[in-house]
Amino acid sequence: MANKVHPQASVSDPSPAGRQTFTVWMKSLVCHTNGCTVFDSKGDIVYRVENYDSKGGCEVQLMDLQGNILYSILSKKLQIFGCWNGYRAGTNKEQPCFTVKKCYSIVRREIACQVTVGFNTYWIVRLGRKNQGFKILNITGDIVAEVKQKQVPSGVELGEDVLALEVEPYMDHSLIVALVTVYGLINRRL
């Protein structure tokens, strides 16, 4: 892994109004697997996702740097429109911590998914064209997280596999990374 070059977040990454900034690299640290690696604003690895199955596989694990599983994310079988459940490590596998359902709407095409976390509802909303990014909104329409293609301070965009993630400080960062993971699975990027 020492020879592997990976995009690190710049310490000078601007983030509006106290948002926490992460860099999501849509590559696994494990050879020949699908997944992603998440860096904090200092360039340290904080999360990783391993998908030992094919892209868009049925089960992935969100882990911290030490390899401790934080969430198990499973595709629900026999769901016509696509549904994913997330289970926090050490919890009951009968009751998911969150559910993500893919939305199909002719009227509101920008809404990609509905997210249910306990009694709270969130929406994953596309930003423009498919690879331009997305944001996660709460039920009142406030942005709780936003994902865009990463840009260096000079404005040059990095590759499609390097994303900038901004998260509101009051949100559970691991939950947001889990939701970003599900969206990547839905779009077959993991």
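The model is predicted, so local features need pLDDT of at least 70 and side-chain atom pairs count only at pLDDT 80 or more, while totals for chains, interfaces and linings use all residues. Residues are numbered from 1 along each chain as its sequence is written, and side-chain values use heavy atoms, with hydrogens and water left out.

The chain has one helix and twelve strands. Helices (H or I, at least four residues) and strands (E, at least two) are DSSP runs, numbered from the N terminus. The order from the N terminus is β-β-β-β-β-β-β-β-β-β-β-β-α. The chain has 190 residues, and 47% of them count as buried. Buried means under 20% relative accessible area, exposed means over 50%, and partly exposed lies in between (1.4 Å probe, protein chains only). The chain exposes about 10,200 Å². Carbon and sulfur atoms supply 53% of that area. Accessible areas come from the Shrake-Rupley method with a 1.4 Å probe; for residues, only the protein chains shown count as cover. Among contacts with a separation of 6 or more, 33% come from residues 24 or more positions apart. A contact means heavy atoms within 4.5 Å.

Side chains of opposite charge can pair when their charged atoms come close. A salt bridge is a side-chain nitrogen of Lys or Arg within 4 Å of a carboxyl oxygen of Asp or Glu. The count by this rule is six. One of the bridges joins arginine 19 and glutamate 146, at 3.5 Å from N to O. Arginine 19 lies in the segment before strand 1 (20-25) and glutamate 146 in strand 11 (residues 143-149), so this pair ties together parts 127 residues apart in sequence. Arginine 19 is buried, at 12% relative accessible area. Glutamate 146 is buried too, at 13%.

Arginine 19 also forms a salt bridge with glutamate 168, and here the closest N and O atoms are 2.9 Å apart. Glutamate 168 lies in the loop between strand 12 (162-167) and helix 1 (173-186), so its pairing with arginine 19, in the segment before strand 1, links parts 149 residues apart in sequence. Glutamate 168 counts as buried, at 14% relative accessibility. Salt bridges link Arg19, Glu146, Lys148, Glu166 and Glu168 in a network.

Lysine 27 and aspartate 161 form another salt bridge, at 4.0 Å from N to O. Lysine 27 is in the loop between strand 1 and strand 2 (34-39) and aspartate 161 in the loop between strand 11 and strand 12, so the pair ties together parts 134 residues apart in sequence. Lysine 27 is partly exposed, at 40% relative accessibility. Aspartate 161 is partly exposed, at 22%.

Glutamine 61 sits in strand 4 (residues 59-64). Its relative accessibility is 15%, so glutamine 61 counts as buried. Its side chain makes a polar contact of 3.0 Å with that of glutamate 59. Another, of 2.7 Å, reaches the side chain of serine 72. A polar contact is a pair of N or O atoms within 3.5 Å; within protein, one must be able to donate a hydrogen and the other to accept it, and residues adjacent in sequence count only if both atoms are side-chain atoms. Leaving out residues up to four places away in sequence, glutamine 61 touches Arg48, Val49, Glu50, Ile69, Tyr71 and Ser72.

The search of the whole structure finds zero disulfides (pairs of cysteine sulfur atoms within 2.5 Å). For cysteine 103, the nearest cysteine sulfur is that of cysteine 113, 6.2 Å away. Cysteine 97 is partly exposed, with a relative accessible area of 26%.
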